Amino acid sequence: MTRAASREQPTLAAVAARAATAGSATVMFNVTHFGATDRAAADAPQIDFSPPTEHDRAATETLAFYPAAAGFQVHTWIPDSPHKPVEGVSINRITASPRPAERDPATHVYRGSVVINPNFLYDPAHSTELLITAGYDRWQPDYADSLMITRIYRGIATSAAADGGVPVLFLQSPVAPYRDPPGRFREDGSGEAPRVANGLAVRVLVGLDDRNPAKRLALLRRITEMAEEYGLGLQIADRRFGRVRGEWWSVLAPDLARYAARKTELFGWAPAGAPQAVELVTFVGPARVGSSAAIAEDLVARNIGILATSAATLQEIAFINMMLPVAPARLDRAHPSGTCLPIVEGLGQVASDCGLTRKQDLKERRSHIALTAATDYQVLSTGPVRPGMAAPEEADEHPLWLSWMVPLDRDPASRPPDVAQLVLAQLREAADRVTSGRIDYYRVRVQPDGRVRGRAKIKVRLVDGVTRGQIPALLSELCPWAQREVVATLVRDHVPLRSIRLRLAWRERWLGRVTTVM
Amino acid sequence: MVLNGALHSIRTRSSRTGPDRLASFLTALRQTPIPTSPPPHDSHQEALGLNLLALALRLEHIDRMSEELTLADSTHMARSVSIDVNMTVLTAEQLQALRSDPSQEGRPSTVWVPVARQSRTDLAPVVVRNAAGEVVPRLTQVETAHALIHGMSKAFRMFLDSDPRTEDGGELLYDIRHGLNRSRWLVEATIARMIDTGGRYLGPDPGRSARHRPTDSDSIRDKAVAAVRQLFAIDSPFLGLLDVAVSEYLLVVQVRTSKTQAFLRYDAPVMPARSQQLRGRATIARWGAFRREMTVQYATVIPRAVNSYHVTLEVPPEIQVRRFFLTSDVDAPALRTLVNDMVAVADSYVELGAVSPKLLEAELQGIVSRLAEFGRRRYRDLEVFMSYIEDCYSTFSRRRPRFPARSETPAAVSAADSLVPHRRIITGLGHLAHHYETDNLRKLADGRLVQPDELRRWADALTSSQVSTDIYVDNDPRENAGHAHWQRRPFGSDPQSMEPVSATVYMALVDDPPSLASNVSKLLLAVLLLVVGFGVLLQPQLFAGVPLLGPLGAWLGLPGSSDSVISSADAIVTMLLLVPGVMLSRLDIPSNKSVLGQLRLFPRYVAYTAVIIAGTLALAVAGGRDDRLAVPFVLAIGALLVLAALVAIDGTARAVKRRNRVPVNHACPNWLITEILRKPGRPKGCTANFSTIRSDDDD
């Protein structure tokens, strides 16, 4: 007790000091939902760390997830003055409101504020990571797959919440699946088989309770049992000494036949084919152990599928972003609308749009969400929008991992372009190797010492005619080149060379000893 | 009343565990007057107090720390602390919150920075100086307490505001936040009172009033108690923070922000020794155990961000520093995680294997890889220590010390054998590391190489042999000084622990030749020669049978005079009194309060006894007759010979002590003792123990 508490006290002191300095324990946020109704694929939106409602400042933490033509972006920061962006007198701890539509109809911005939970003092550095894979092929889910993902999400969240619970610090799907490299790609152990950028897989980061390691083992056992039941592959972060993030230990290989059988058995009634429209939903509230499990339980009970999700804790605030497929019967709804509702009403509305119910009685069931850890969460939803998943005839996309650290220029006017955007632009210039590229995942933290630290996953599609065996060599040439050119660009923009840390690699573990989500 | 206060003070200071913290808070809450108006709010003080507390707990802005230790006497230690403060670690917001002039606009030119935490029992004034030797302004404890009160009240309101129950009209916390103002003020007033008084001087718990109908004040207090119980779990970090604010003083100094680095130096209050060995022991035992070396243990805490820590000791040139080393528990969090993992895996071994053999293999590989790293680290420490002892030997002997780890030829240990804990655990871990690196331990779960029982044995062996303790040896070439340099070695990719590192310095101080003992043996020899000389002269018949002295006595012996009175008795008495007296006055015998005095206790008694013997003999010569001197001479010579024998025994004991390869002492990690000694005895405590850690933390 005393040892773990001795780690929590300084953390609490730091959190409280930050709140006291800012004048209140409130964190401001912007949630942006990208997605167009009419166009099949919207242009890639601008992703960077300045919040849409306050262009002149830098968000302390930023998360962007853009798996297809629709996606999310979340910014959080601490206000300079203790105010809340709501009209009228309010004592609510969580507020959110949609912002009037901007010029771009495919962008929906919500802004709000949340009072933090000072009891949630988990350090992302004390965590363990899991990768659950349903298949190595590229991401092409149908309705039944999305319902399976909801089941898997529920399995993970309830396993984490059992026995006093550990928090789910980060959860994302789809992600790049990983396979132990076969001999021809292995080389001396430094090689890796080329991966697809996104597959039907879930990546989870679970906070650890140092006081009770049995909790971690119980969690692993429960998740392994679940993976076996559904025919999923399971990899866990390699805990051997000196291993870094991106090195996986394979526990189970995916059993595709079993997965298909379970899918048919459970959700044979689900509509066939890929979802045509999705609703973008963000659950926001103070981070609390057990809130994910409560939401997952509700989604399973209402037969709501999850096409894509990215749940993360930013400045002790939980943001659970989900892309929920709209039921085919509801597709006729006109234009996208944005709503902010408390969780009971919000889930009710989402269920009426996205519930793939086969029995009407399910709809009538009373939700118990108001009695759980997610009781005061707000639901921001936009939809329906077109997810715009890649067509089957298109070539595979490959992931490139980027990690960087540059000094922050406080003046937005003189700030050089965002590093991830620079790398993307540079990759696109290599037209003889790359046909297209986009940022899939982006996470940035502005550190207290005034440096911007970021991590991103960029997916690129290579030119036709490259065989699978040639891909590693091609990417090994591409990454150092782009890295060098971007550094040169930054130096031209008057960023001192000595303060630039930048690494672009097609093997995630090459980014080195990065243990946190960043 | 005084007694009650004292009891409370003891209980409050030793409140380490969560239940005690909660209980002492609730006791204080029962005794604090209920305010009738809201306590003052000051946003600057709130931010200042919380930032001071956060910085003082982490001390992240301190890059390097050096301590110079001086033994003021054998029971008191003075230390001078130098720290390098890195101002770039402080963020712009922190600088604003810590500004020393609240009315100043823009970037502050000076800020308050906490540089140390002290127990409230150390009350000596501390003067802090900067690199130029100028005295640096300090925030008074009253002002610090004022800021801490505001800060902790703010933290309390933050906990209250963020609780979801405060939005539910039926809950007590809703009422506390909105309607029951006096209960809320009472909690804040309790926080203020506890920080003000240091949790002491609380009266006895009055309990509830005798009347059956709850009075206003009882109902206010009951609601406040219920709210505190709802808000704060037993292990709530808030109560931990409050405990720090209540039981410790922060040393807060003003630092200029114009420079990125600041160097500060202060003389900490003189510490009294904790050990009971120096005081209150039965005197016979003290007389029996003459100190041939004085062992001193100094325990301190290295802040978590400090990557480099120096500790030096300088003693008067008469004293030698025989052994000086520093141990720290920097790997303790890593070892604790490893041991916990081992026990947890052993407990669910069968289940893990049943769910998936690869899951079990992953856990076992993780455990063995970390064991191998511990093996590499501690083996390196062992090598360093052995070469240090070799260096110590080279100062007085050509013979090299014998170490089992070096002298015994390494037997071939199989991979399976290396996975079993050995008595000499570090050598065993070294073999394990070798097998792990050479890929001989690829399959642990398949081959059933590691069984749950072995995991538990490993866990016990690692804990009991203190494998987490590392060691840094003296690297000061001078004989009367010691210096050890500690560096942080992060454990792989593990995140740097938030916990401070506790470090222990062990030093053995001796009086090596040319020492007082050798001078005293010369004095003893001189007195013996003098007494024997006079004996031969005056009582030749005593030495009749002795080879050389017999004939000498017969030749020199005074012819049998008719009267038995010695004619030159005055001269003999003068010689017997003067010669030892002059020699004694030439000896450098220090006060027995000092360290040197403690070390020279035995030779000092020997010298005094020798002089007393000579004096007594002189008395016998002066007063006695010639024919009655035989017995005094025999007694004197006998007593002097006994003293000579004691001196010889003492000299031998010193020589044995000097060749001690490892001190069997609590300050020395167990793994080191078992690696070097075949049959170690029970570890002993040090003569003097000093500690900067609070007394309730060192058990």
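Chain B of this predicted model has a secondary structure of 24 helices and 13 strands. The chain runs to 699 residues, and buried residues account for 41% of them. If you look at which residues meet one another in chain B, counting contacts between residues at least 6 apart in sequence, 80% of these contacts join residues at least 24 apart.

Helix H18, residues 516-538, and helix H20, residues 569-586, of chain B pack with their axes 10 Å apart, at an angle of about 175°. The two helices, H18(B) and H20(B), are therefore roughly antiparallel. On the H18(B) side the contact is made by B:Leu523, B:Ala526, B:Val527, B:Leu530 and B:Phe534, while H20(B) brings residues including B:Ile572, B:Met575, B:Leu576 and B:Val579. By class, the contact of H18(B) with H20(B) has 12 nonpolar residues, no polar and no charged ones.

H20(B) also packs with helix H22 of chain B, residues 601-623: their axes come within 9 Å and cross at roughly 170°. That makes H20(B) roughly antiparallel to H22(B) as well. Among the residues making this contact are B:Ala569, B:Val573, B:Leu577 and B:Gly581 of H20(B), and B:Ala607, B:Ala610, B:Ala614 and B:Gly615 of H22(B). The contact of H20(B) with H22(B) divides into 15 nonpolar, two polar and no charged residues.

Over in chain A, there is another helix pair to visit. Helix H2 of chain A, residues 143-161, packs with helix H6 of chain A, residues 291-301, at an angle of about 145°, and their axes are 8 Å apart. The crossing of H2(A) and H6(A) is left-handed. Residues of H2(A) such as A:Arg151, A:Tyr153, A:Arg154 and A:Ala157 are among those that meet H6(A), whose own residues in the contact include A:Ala293, A:Ala296 and A:Glu297. This contact of H2(A) with H6(A) has eight nonpolar, three polar and three charged residues.

Finally, let's bring the chains together. In this model, 52 residues of chain A are in contact with 56 residues of chain B. Helix H1 (2-22), helix H4 (213-230) and strand E10 (248-252) of chain A each supply at least two residues of the side that touches chain B. The largest share of that side, 16 residues, comes from H1(A). By class, the residues of chain A on this side are 28 nonpolar, 12 polar and 12 charged.

Notes:
Residues are numbered from 1 along each chain as its sequence is written. Chains are lettered from A and ligands numbered from 1 in the order in which they are written. This is a predicted model: local features need pLDDT of at least 70, side-chain atom pairs count only at pLDDT 80 or more; totals for chains, interfaces and linings use all residues. Helices (H or I, at least four residues) and strands (E, at least two) are DSSP runs, numbered from the N terminus. A residue is buried if 20 or more other C-beta atoms lie within 10 Å of its own, exposed if 12 or fewer, and partly exposed in between; C-beta atoms are placed from the backbone. Two residues are in contact if their C-beta atoms, placed from the backbone, lie within 7 Å. Ala, Val, Leu, Ile, Met, Phe, Trp, Tyr, Cys and Pro count as nonpolar, Asp, Glu, Lys and Arg as charged, and the others, Gly among them, as polar. Axes are lines fitted to C-alpha atoms, for helices over the stretch in contact, and angles run from 0 to 180 degrees between N-to-C directions. Angles under 35 degrees count as roughly parallel, over 145 as roughly antiparallel, 65 to 115 as roughly perpendicular and the rest as oblique. A crossing is left-handed if the near helix is turned anticlockwise from the far one by less than a right angle, and right-handed if clockwise.
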